[in-house]
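Look at the model below before reading on.

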Amino acid sequence: MPLACQHLWRTRAALGIDWLLRSIRACGGEGSAVYYSRWFRPLRGWMWPYPETTGYIIPTLIRYGHASGRRDCIEVALRQADWILSLQDPDGALPGSHVTRGRKAAPSIFNTGQMLFGLCAAFDETGREGYLAGAHAGARWLAANLDCERGVWGAHAYVDGFSPAYYTRVAWPMLEVAARRPDEDVRGAARTALETIAGWRCPNGAIRNWGFKPDAPAFTHTIAYTLRGFWESGRLLEESRYRDLATVAADTLRRRLELRGRLAGAYDLAWQGRYGYTCLTGNCQLALLWMRCHAAQPDPRWLSAACKALQPVLAAQRIRHADPNVRGAIPGSTPFWGRYLTMRYPNWATKFFVDALLLADRQVEALREDASCG
Amino acid sequence: MRVAVTAGYGRSLHAIALVEQLARRGCTVRLGLEVSVWTWRRLRFYLRQIGPAKLVQKARAKLTPGGPGSTYGGEVAPLQDYCRENDVRSRSFRQACRGVGARHLVVHDLNEPAALAAVRAAGIDCVVYAGGGILRPALLDAVPGGVLNAHGGPLPAFRGMNVAEWALLYGVTPEVAVIQVDAGIDTGPIVHTYPIPGAAWDSVAHGRGAAARASVEALLEAVDALQAGTLRPRPQRLEDGRQFFVMADPLLEVLAERLPRRTATVPASRFRFPEAAGLPTDGYL
């Protein structure tokens, strides 16, 4: 029999998944809309499909499909993987930005990386070589575009000429591909990028360039991208150095949450928080990272902090709303007018929310079965 | 022995019981330092730690101890029993201080100059801490015998907040540890340990209450030992413990479910935190 918290999480995850499926239906079943907002899109509400986040929504749908027995989620997920493959250039590159009226944008390093998650998950689910071949081509394009001398990706960036630290989250999917189809070029390029970014670490554990812009405070969203990239890359490379680097910063953020009672929306390199708003996506992502830390080295303090980080997200999820397209969605920020994705419901906020709830449910269940935390 | 007692709020049964019981044991209670609840800083701290709903619930239970329907009511009952059994009659900290001829002073912060001046003027040997926030070095240095505090969980392993609950989650027998407060968080030398009856932990609220009662008894025993000159402080090593914060509700739910079917627990003296369990093998894309 589930605990009250598990019951709540399952109900809310189901609402979140329904919203994600709605965001895909709104795009004709090909891609999930970037966001829903009556403020930015007064007539339609839904924005164009976004290949990047559709890519990493695929594993969420598959995982949820298995956890809940909803086969339709898995089928939708696989259709999204097929759509991503249809967007791939012959050289393996995948497009950035959104797809407007069927027209895709120029290739993007980060977005290609994120779509590899979806292709890997589709391959894991079906065993179909086409997905892995697509993922491998994408990973090889990423490896080929790395400036090996500087250890950064100079082109195809979100901000021209700026190679951010959250590219660790490009190295991670490259290593996921290499784990399924061994390729030393891909693995080596990922390692080179990780080494460069690890060199940007400040003495206090913060990492330079981990925001969208250089020298600006970083949203917890991109901080979590950076740290998770290091953490998972450390796991795949079996190098504790990267994992430790992520763990130290994750612990600093955990202590800040505990002492302040909540996470800031963004932090600068001195760990000074911007507490005027909360970046809800970042909260979910950090909760996921903390739960990964708990899984690696059982310490329920991580899990406790993760549950606390999810609390404002649960409170912000729209349950009852006159507009049915809002039900189940997670806003970018709380308050709604906060600086991260102001007045919008981005699809990745709901994705990370569902991921975090599924993992929290699993970890609380494991704790129930265990006689003690050891 | 001349002592001062602190109180986190005016109706703290914990502090009231200590004032009356210390006086009965031959101590001269010279000063009672009560921290005003009504400070924005304090309110903000609690709001952040436990949230508005729980804060209201907690405040209601503290103001009307044992009120029906309050989960915090169970926390207060063991101390009410203690007061009844030991004929502790004062209704407020102020009344308790007046009853034993001690000066009673309300402050916003125990570290503020007025509190420091009062401690210095009272010429006391030791402070018995019964709540009121974090103590700064200036106050700690102002008392020759130091400040005694009853920590609600096993030390050195479990430092910080909700430590009895954390200890139980780890399968460790909860106990109260009296320490000489230093500048760290629960890192001062341990002077005395006191068991919390295992049977009290049929629920989290009852267990917390039993820990509060045990804290009073442990502090009284520690002051007795200090008077008799038999107190033997054992320094803690920083690396032997972890700092815990308020336990999140889902973990409290797990603990509440586990308590009734709890079997043996590991004594605190034998407990070590588990080593790394290795990297997980399952991916989570």
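What radius of gyration would a compact globule with 374 residues have, and what does chain A have? A compact globule would be near 21 Å, and chain A has 19 Å, which agrees. The radius is taken over C-alpha atoms, and the globule rule is 2.2 Å times the number of residues to the power 0.38. This is a predicted model, in which local features need pLDDT of at least 70 and side-chain atom pairs count only at pLDDT 80 or more, while totals for chains, interfaces and linings use all residues. Residues are numbered from 1 along each chain as its sequence is written, and chains are lettered from A and ligands numbered from 1 in the order in which they are written.

The C-alpha trace of chain A spans about 50 × 50 × 40 Å along its principal axes. Of its 374 residues, 59% count as buried (20 or more other C-beta atoms within 10 Å of the residue's own, with C-beta atoms placed from the backbone).

Now turn to chain B. The axes of helix α1 (residues 13-24) of chain B and helix α8 (residues 204-228) of chain B come within 10 Å and cross at roughly 30 degrees. The axes are lines fitted to C-alpha atoms over the stretch in contact, and angles run from 0 to 180 degrees between N-to-C directions. Helices are DSSP runs of H or I with at least four residues, numbered from the N terminus. α1(B) and α8(B) are therefore roughly parallel to each other (angles under 35 degrees).

Definitions and conventions. Helix = DSSP H or I, 4+ residues; strand = E, 2+ residues; numbered from the N terminus. Parallel < 35°, antiparallel > 145°, perpendicular 65-115°, else oblique. Buried ≥ 20, exposed ≤ 12 C-beta atoms within 10 Å, placed from the backbone.
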